[in-house]
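Work through the exercises below with the sequence and the model open. Each task is followed by its solution.

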Amino acid sequence: MERLTTRITMRLITGDERSRDLDVDWSYRDDEPHSAELDFTSYQADAVWALSRDLLLAGLHAPAGEGDVHVTPYDDTRVLIALAGEEGVALLAASAAAVAGFLAATVRLVPPGREHDRIDWDGGLRDLLTA
């Protein structure tokens, strides 16, 4: 298993003076090739969000997403990510270049369309049957 981890500073946008920067660990594993994880646990949020890699790639260029997660480009330099949870919606802004760099590294590790080659289907089925 190979794992990529990159720390990306994201701006939590609250619309008031409480907006702040968060250093968020973005991770990608080749054995979970369809998603990237954003780890917010260092901010007492105790939250790790798994986001679709395809959604993140699409959201760099045009608005994308349904349900709890939306991604959209903003002003040629940033990407906005909206995460909806029980307590409301968190709106985060990140450098589009930083996000694009992280996603490019994931594409080098597992090219789009080749994700199925990395999934341990037998192991997953075995885990389901023994759970």
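Helices (H or I, at least four residues) and strands (E, at least two) are DSSP runs, numbered from the N terminus. The model is predicted, so local features need pLDDT of at least 70 and side-chain atom pairs 80 or more, while totals for chains, interfaces and linings use all residues. Residues are numbered from 1 along each chain as its sequence is written, and side-chain values use heavy atoms, without hydrogens and water.

**Exercise 1.** Classify the ring pair of Trp26 and Phe102.

Step 1. The structure holds 1 aromatic pair.
Step 2. Rings of Phe, Tyr and Trp (its six-membered ring) pair if their centres lie within 6.5 Å; planes under 30 degrees apart are stacked, over 60 edge-to-face, the rest tilted.
Step 3. The centres of the Trp26 and Phe102 rings are 5.6 Å apart and the planes are at 70°, so the pair is edge-to-face.
Step 4. Trp26 sits in strand E2 (residues 20-29) and Phe102 in helix H2 (residues 96-109), 76 residues apart.
Step 5. Trp26 and Phe102 are both buried.

How values were computed:
Buried means under 20% relative accessible area, exposed over 50%, partly exposed in between (1.4 Å probe, protein chains only).
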